[in-house]
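Please look over the sequence and the 3D structure below before reading on.

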Amino acid sequence: MALSADGMTLYVADTDNHAVRQINLSSGEVSTLVGTGTQARQYPPAPGQAPAVELSSPWDLALAGQTLYIAMAGSHQIWQTDLVSGRTQAFAGSGREGTLDGPLAAAELAQPSGLALDGHGRLYFADSEGSSIRWAEVGGADPQVGTLVGSGANLFDFGDVDGIGNQARLQHPLGVVSDGAQLYVADTYNSKIKRVDPAASQIITFLGDEHGWRDGDRPLFYEPGGLDYAAGRLYVADTNNHAIRVIETASGQTSTLVISGIEGFQASDPEAEFYGRVIELPEARLGAGQGAVVLQIDLPEGYKINTLAPSTFQWEAEGDVIFLPADADQTVKGPTFPLTLRTTFQEGRGTLSGEFAIYYCEAQTESLCLIEQLRVSLPVSVGSSGDSGLLIRHRIPMPETGSVMGPEIG
């Protein structure tokens with residue numbers, strides 16, 4: 001993301017939509033600055049007039065005056081958009097993946113990701129596939145691309161070595177930010193935050209060790225992916241820890257950002273489009289009296305519930321036949337199934353609805369975490385006698401495959 005100088009417009013690299021979006025922070029309106037919503041069919045992409053320019057996996061943004069720089073990871077280039085004229089074109093990189101330094105148009109880049117302007121004529125970028133931090137000159141008679149730290153020899157020369165220039169080694173860095181004097185780097189696959197002195201071309205480990213999660217003056221991270229800096233603090237998107245970490249750069253003290261009061265935000269519009277799985281179940285027949293609604297979620301083989309992310313469960317009963325407890329709606333980290341709601345059934349007809357968001361991860365590596373969003377609607381008929389328990393069971397399918405099971409009465 002990049003923020004306009006007046007603080008009123010937020011520019012967003014919408015990677016999988018292959019677009020750059022802009023958000024009016026006053027009105028909340030979102031519009032497309034450049035991009036068509038589909039990946040460029042031509043390689044490298046063709047320049048043109050915004051917004052009708054096809055992009056390829058824009059990853060990060062940096063703003064200098066009226067020029068917005070775009071890390072175009074999909075075409076191994078850095079692009080630029082003139083916010084006044086709309087002209088959008090390549091800034092650096094031939095489109096050939098590699099580590100070659102040289103003039104802007106001839107240089108070879110390798111999945112540029114994070115961008116950082118230093119305010120002194122250089123645009124630094126994390127060249128992820130080349131495991132290096134590189135720079136491109138902004139302006140000048142013959143602007144060049146160079147390598148600041150990292151091997152620069154080939155795409156497969158990576159490691160974890162502090163040092164100077166080409167002696168240093170990183171592993172797939174994704175984020176870079178400048179505090180005006182130094183650079184901070186998210187050395188992603190090494191799970192470390194590193195610091196670079198651009199004048200000396202020297203990189204050292206600032207914080208981190210083996211991957212993990214620990215606050216304090218010896219913190220641990222797990223594949224940090226993005227960085228930002230403000231007023232002496234470094235903000236870290238600690239990707240595989242599913243958290244935002246805050247580092248006091250003077251001391252190295254690290255904490256985990258806590259967002260409180262989020263439950264007080266206004267609920268989403270019930271008429272808004274729902275992008276999860278919608279299940280309409282056949283009518284269930286029950287008997288009046290004390291009973292229970294039981295929700296059973298079955299995970300795919302090889303997966304487990306994410307104990308860090310809050311899964312949510314919201315219920316609604318229509319028709320005055322099901323009386324749910326006051327605490328029926330829940331937000332739970334690491335829920336255990338089945339979830340049971342004690343309730344009362346009253347004769348008549350109605351509908352029980354539920355909307356759930358369940359977070360789960362690969363059981364072994366935890367490198368892939370997913371969300372299952374589910375909306376269930378179940379008609380209910382309650383008579384004078386019958387079953388008093390209602391089991392709603394859903395089997396989360398493996399990616400692209402699987403099945404769903406309906407209600408069980410008993």
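This is a predicted model: local features need pLDDT of at least 70, side-chain atom pairs count only at pLDDT 80 or more; totals for chains, interfaces and linings use all residues.

Two strands are said to pair if DSSP finds at least two bridges between them. The briefing starts with the strands, then turns to the rings, and ends with a cavity and a pocket.

**Paired strands and their turns**

- Strand β21, which covers residues 233-238, and strand β22, which covers residues 243-248, pair in the antiparallel sense over 6 bridges, and one of the contacts joins Asp238 to its bridge partner Ala243 in β22.
- These two strands, β21 and β22, form a hairpin with 4 residues between them, and in the turn His242 has a positive phi of about 55°.
- Strand β22 also pairs in the antiparallel sense with strand β23 (residues 254-256), here over 3 bridges, and the bridge partner of Arg245 in β23 is Thr256.
- A hairpin is formed by β22 and β23 as well, with 5 residues between the strands, and Gly252 in that turn has a positive phi of about 85°.

**Aromatic rings**

- A pair of aromatic rings is described by the distance of the centres and the angle of the planes.
- The structure holds 6 aromatic pairs, and one of them is the tilted pair of Tyr184 and Phe206, with 5.6 Å from centre to centre and 55° between the planes.
- Because Tyr184 lies in strand β17 (residues 183-187) and Phe206 lies in strand β19 (residues 202-207), this pair ties together parts that are 22 residues apart in sequence.
- Buried means under 20% relative accessible area, so Tyr184 counts as buried at 2% relative accessibility, and Phe206 is buried too, with a relative accessible area of 15%.
- Tyr303 and Tyr360 form an edge-to-face pair, with 5.6 Å from centre to centre and 70° between the planes.
- This pair links distant parts of the chain, since Tyr303 belongs to strand β27 (residues 303-305) and Tyr360 to strand β32 (residues 348-362), 57 residues apart.
- Tyr303 is buried, with a relative accessible area of 14%, and Tyr360 also counts as buried, at 4% relative accessibility.
- Ring pairs also link Phe313, Trp315, Phe337 and Phe356 into a cluster.
- Another kind of ring contact involves a charged side chain: Arg122 lies over the face of Trp135, at 3.8 Å from the ring centre.

**The cavity**

- The count comes to 1 cavity of 30 Å³ or more, and about 30 Å³ of space lies in the largest cavity.
- The lining of the largest cavity is made by Leu295, Phe313, Trp315, Gln330, Leu339 and Leu341, and the elements that give two or more residues to this lining are β28 (310-318) and β31 (339-345).
- By class, the lining of the largest cavity has 5 nonpolar residues, 1 polar residue and no charged residues.

**The second largest pocket**

- About 1000 Å³ of space lies in the second largest pocket, which is lined by 35 residues, with Met1, Ala2, Asp60, Leu61 and Asp228 nearest its centre.
- Several strands each supply at least two residues of the lining of the second largest pocket, among them β1 (2-3), β2 (9-14), β6 (58-64) and β20 (226-230).
- Sorted by class, the lining of the second largest pocket has 22 nonpolar, 10 polar and 3 charged residues.

Definitions and conventions. Residues are numbered from 1 along each chain as its sequence is written. Side-chain values use heavy atoms; hydrogens and water are left out. Rings of Phe, Tyr and Trp (its six-membered ring) pair if their centres lie within 6.5 Å; planes under 30 degrees apart count as stacked, over 60 as edge-to-face and the rest as tilted. Buried means under 20% relative accessible area, exposed over 50%, partly exposed in between (1.4 Å probe, protein chains only). A charge sits over a ring if NZ of Lys or CZ of Arg is within 6 Å of the ring centre and within 35 degrees of the ring normal. On a 1 Å grid over the protein atoms alone, a cavity is a set of points where a 1.4 Å probe fits but cannot get out, and a pocket is an open set with protein on both sides within 12 Å along at least five of seven lines; lining residues have an atom within 4 Å of a point. Grid points are joined across faces, edges and corners, and a volume is the space filled by probe spheres set on the points. Ala, Val, Leu, Ile, Met, Phe, Trp, Tyr, Cys and Pro count as nonpolar, Asp, Glu, Lys and Arg as charged, and the others, Gly among them, as polar.
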